[in-house]
Amino acid sequence: MEGPRCWSCHYNFKWKESVVYFLGHKTCSNCGKKQYITTDSSKKVGIFGAPLPLIPFVFNGFGVNWLFTSLIAFLAIIIYMALIPYKLEFTKDKQPLF
Ligand SMILES: [Zn+2]
């Protein structure tokens, strides 16, 4: 899988860099241009992330013990963090959230 690219110099961001961008750092490490996450990709990230807080409740509802539930929730967060960078797209202009 390929990470997102800079809109200006097409620099291919590494996973670690993409996570940093997701957390709010917004300039290309290659050309220094500002990057904004597109509305479309931030929606995708939100859709993937939305079910995460529900995991403990769903598992608990099925009578799964908390230790196992925490393990699953932890793994889900790891997978989410691993996938986020590949779902991001950057643009030069700030886009409205909706
Ligand atoms: Zn760049």
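The following dialogue examines a predicted model of a protein chain.

Student: Which pattern of helices and strands does the protein chain follow along the sequence?
Tutor: The protein chain contains four helices and two strands. Read along the sequence, these elements follow the pattern α-β-α-α-α-β.

Student: What radius of gyration does the protein chain have, beside that of a compact globule of 98 residues?
Tutor: Along the principal axes, the C-alpha atoms fill a box of roughly 50 × 25 × 20 Å. A compact globule of 98 residues would have a radius of gyration near 13 Å, but that of the protein chain is 16 Å.

Student: Which residues form the largest nonpolar core?
Tutor: Of the 98 residues of the protein chain, 10% count as buried. In soluble globular proteins, nonpolar side chains tend to be buried together. In this model the largest nonpolar core has five residues, namely F13, Y21, I37, L88 and F90.

Student: Are α1 and α4 roughly parallel or roughly perpendicular to each other?
Tutor: Helix α4 spans residues 66–87, and its axis comes within 9 Å of the axis of α1. The two axes cross at roughly 90 degrees. An angle of 65 to 115 degrees counts as roughly perpendicular. The relation of α1 and α4 is therefore roughly perpendicular.

Student: How do the residues of the contact of α1 with α4 divide into nonpolar, polar and charged?
Tutor: The axes of α1 and α4 come within 9 Å. On the side of α1 the contact is made by W15, S18, V19 and F22, and on the side of α4 by M81, I84 and P85. These residues divide into six nonpolar, one polar and no charged.

Student: Is H10 buried or exposed?
Tutor: H10 is placed in the segment before α1. Its phi is near 60 degrees, a positive value in a residue other than glycine. Because H10 has 10 C-beta neighbours inside 10 Å, H10 counts as exposed.

Student: What separation do the C-alpha atoms of Y36 and F90 have?
Tutor: Y36 has its place in strand β1, which covers residues 36–37. Leaving aside neighbours within four places in sequence, Y36 is in contact with K26, F90, T91, D93, K94 and Q95. Y36 and F90 are 54 residues apart along the chain, and their C-alpha atoms are separated by 5.2 Å.

Student: Why does Y36 count as partly exposed?
Tutor: A residue is buried if 20 or more other C-beta atoms lie within 10 Å of its own, and exposed if 12 or fewer do. Y36 has 16 such atoms within 10 Å, so Y36 is partly exposed.

Student: Which residues does P56 touch, not counting residues up to four places away in sequence?
Tutor: P56 is found in helix α3, residues 55–61. With 15 C-beta neighbours inside 10 Å, P56 counts as partly exposed. Not counting residues up to four places away in sequence, P56 touches T69 and A73.

Student: How far are the C-alpha atoms of G61 and D40 separated?
Tutor: G61 lies in helix α3. G61 is exposed, with 9 other C-beta atoms within 10 Å. G61 and D40 are 21 residues apart along the chain, and the separation of their C-alpha atoms is 33 Å.

Student: What separates the C-alpha atoms of T39 and S18?
Tutor: T39 lies in helix α2, which covers residues 39–49. T39 is partly exposed, with 15 other C-beta atoms within 10 Å. T39 and S18 are 21 residues apart along the chain, and their C-alpha atoms are separated by 16 Å.

Terms used:
Residues are numbered from 1 along each chain as its sequence is written. This is a predicted model: local features need pLDDT of at least 70, side-chain atom pairs count only at pLDDT 80 or more; totals for chains, interfaces and linings use all residues. A nonpolar core is a set of buried Ala, Val, Leu, Ile, Met, Phe, Trp, Tyr and Cys residues joined through C-beta atoms within 7 Å. Axes are lines fitted to C-alpha atoms, for helices over the stretch in contact, and angles run from 0 to 180 degrees between N-to-C directions. Angles under 35 degrees count as roughly parallel, over 145 as roughly antiparallel, 65 to 115 as roughly perpendicular and the rest as oblique. Two residues are in contact if their C-beta atoms, placed from the backbone, lie within 7 Å. Ala, Val, Leu, Ile, Met, Phe, Trp, Tyr, Cys and Pro count as nonpolar, Asp, Glu, Lys and Arg as charged, and the others, Gly among them, as polar. The radius of gyration is taken over C-alpha atoms; the globule rule is 2.2 Å times the number of residues to the power 0.38.
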